[in-house]
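Subject: Handing over a structure

Hi there,

I am passing this structure on to you, and I hope you enjoy looking through it. Below the files you will find some notes on what turned up.

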Amino acid sequence: TLNIPGVMPPQLLAKLPDFVSSLSVQPQVFVTGRTGRLSLTTKTPATVTGVFGGMTISAGADASALSHTLLVGIPIDTPSGMNPLSLTIIAGSGAPITLTVNIQVVAGQFITEALTIPDDRLTLLGTAVDDAEAETVRAFMSGRTPERFFDGLMGLPAAAAITSPFGSTRSYNGGVLQRLHLGTDFGGAPGSSIFAPAAGNVVYSGLLEVRGLATIIDHGWGVYTGYWHQTQSFVNVGDRAVPGQVIGTIGMSGRATGPHLHWELWVDGVPVDPLQWVQQS
């Protein structure tokens, strides 16, 4: 046992009911802007839901409904300290049972960036344009498909260097620091390939003002990925993407300072660091 001062493991505030075999939380401490996971096994088929930070989370389950997984996107603005995660478990026709797990949250480490937008794209800096388009994207990336299409590690979406990390706070053209960067940027030559990192269904393919030519893939269990600023898109809504498939090409459509791919990953309506999913299954 390694005891680290100031870091508390998750605290279960009630005894597990008899029909619950195990409950585990990974990682032991949640970090803002990343994804946490709760794994629960039951002796009888059950349904499991959770609430964290006011957000409802549905568990994914195996075919037997005995193994349950809750993927928890931790918003960047989640307060540091102990945060309750409430679980509701219903086994068969029994009454709902509620359990609360207190989970410590610590702030992630994010940078600041100052960018310059070309004069011909300055009209895309308005907050009204940003807000309206953000609602459109949220509508597509906040749904939930009960089936899980992804499996194992996600692949990288481009064979290119990372030019801007997830979570940075940005200023544009000498303005104040106020815009959050909710994805990871890959700098690449115009026309270079964009790859699907995991299996899923295409739910959006079209042109947006700020994000340019965009594609959104539903990977199931509330996990979505988005690909912005493309030059070309090779998929249509309803297509099934397979890992490694070329779904488009890198460009600089929309609000961009140069050719690059902006890659986002959302979990149950929360944008999180996609690179964690490349490193952890």
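First, a term you will need: a pocket here is an open set of grid points, on a 1 Å grid over the protein atoms alone, with protein on both sides within 12 Å along at least five of seven lines. Please keep in mind that this is a predicted model.

The largest pocket has a volume of about 870 Å³. Its lining is made up of 38 residues, and those nearest the centre are Leu 180, His 181, Leu 182, Arg 211 and Glu 264. Helix 1 (127–141) is among the elements that supply at least two residues each, as are strand 19 (223–233) and strand 22 (260–267). With six residues, helix 1 gives the largest share of this lining. Sorted by class, the lining holds 17 nonpolar, eleven polar and ten charged residues.

The second largest pocket comes in at about 410 Å³. It is lined by 16 residues, with Arg 37, Leu 71, Trp 277, Gln 280 and Ser 281 nearest its centre. Two or more lining residues come from each of strand 4 (35–42), strand 8 (67–73) and helix 2 (275–279). Strand 4 provides the largest share, three residues. Here the classes are five nonpolar, eight polar and three charged residues.

Ile 4 sits in the segment before strand 1 (11–12), and Ile 4 counts as partly exposed because its relative accessibility is 47%.

How values were computed: Residues are numbered from 1 along each chain as its sequence is written. This is a predicted model: local features need pLDDT of at least 70, side-chain atom pairs count only at pLDDT 80 or more; totals for chains, interfaces and linings use all residues. Side-chain values use heavy atoms; hydrogens and water are left out. Helices (H or I, at least four residues) and strands (E, at least two) are DSSP runs, numbered from the N terminus. Buried means under 20% relative accessible area, exposed over 50%, partly exposed in between (1.4 Å probe, protein chains only). On a 1 Å grid over the protein atoms alone, a cavity is a set of points where a 1.4 Å probe fits but cannot get out, and a pocket is an open set with protein on both sides within 12 Å along at least five of seven lines; lining residues have an atom within 4 Å of a point. Grid points are joined across faces, edges and corners, and a volume is the space filled by probe spheres set on the points. Ala, Val, Leu, Ile, Met, Phe, Trp, Tyr, Cys and Pro count as nonpolar, Asp, Glu, Lys and Arg as charged, and the others, Gly among them, as polar.
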